[in-house]
Amino acid sequence: MARAFKSTPRGFTARLDATERDLLRGLFEDVAQVLTPAQDAGAPSGEVDPLWALVGMDPRTHATDFAAPTDAAERRLLPDAVHDDAAASLEYRRLTETSLRESKTGNLKAAALAMETGNLVFDTAAANQFAQALNDVRLVLAERLDLRDEADAARIAELADARNVEDVDEYLALVYNFVTWLQETLMQALLADL
């Protein structure tokens, strides 16, 4: 059973059992997959233009058909920058989306690697990176659960007993509650250490 994060002389520590680590590893990998852009239809599968890779740019940024994500969870992770101005949001997205995707994916992959051991020990930078990965998982779960307001949050918070789970949404709600609890304990430990 998970033990909450706390600030110790070694860093920010927590304990997770094997089942919890497997669950989180899968979530981190799944959300990283959501952030992986679809292959360019004109390029052979897995082939990346070396010049684009060298300069860290995505060839889609120069395409005239560049568009915002259509998946609601992906849009939650990569929201529009300018409310009520699609053109400005699209231009901002075109210039920043690749680096944002890479940053988020890096955090998620590092978090997945951290699941190799049950004893988590993070310095401040790694703890912040892990918190960001947990937040991205929560955003995707919240979208899949259609969490929109306080009433939805209260409904989801009520689900606390795995023995009463009857469908996939209730299971996702339990997972959401676990990830939320883990992130809250980490944030409380980080704040206490300030």
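Among the elements that line the second largest pocket of this predicted model, α7 gives the most, with six residues. Here helices (H or I, at least four residues) and strands (E, at least two) are DSSP runs, numbered from the N terminus. The pocket has a volume of about 420 Å³, and of the 16 residues that line it, the closest to its centre are Glu20, Ala160, Ala162, Leu174 and Phe178. Two or more lining residues come from each of α1 (18-34) and α7 (168-192). On a 1 Å grid over the protein atoms alone, a pocket is an open set of points where a 1.4 Å probe fits, with protein on both sides within 12 Å along at least five of seven lines, and lining residues have an atom within 4 Å of a point. The volume is the space filled by probe spheres set on the points.

Strand β2 (residues 11-15) is mostly covered, since four of its five residues are buried, that is, under 20% relative accessible area with a 1.4 Å probe. This strand pairs in the antiparallel sense with β1 (residues 3-8) over four bridges, and a hairpin of two residues joins β1 to β2; Thr8 stands opposite Gly11 in β2. Strand β2 also pairs with β3 (residues 119-122), again in the antiparallel sense and over four bridges, with Asn119 in β3 as the bridge partner of Arg15. Two strands count as paired if DSSP finds at least two bridges between them.

Residues are numbered from 1 along each chain as its sequence is written, and side-chain values use heavy atoms, with hydrogens and water left out. Because the model is predicted, local features need pLDDT of at least 70 and side-chain atom pairs count only at pLDDT 80 or more, whereas totals for chains, interfaces and linings use all residues.

Definitions and conventions
Buried means under 20% relative accessible area, exposed over 50%, partly exposed in between (1.4 Å probe, protein chains only).
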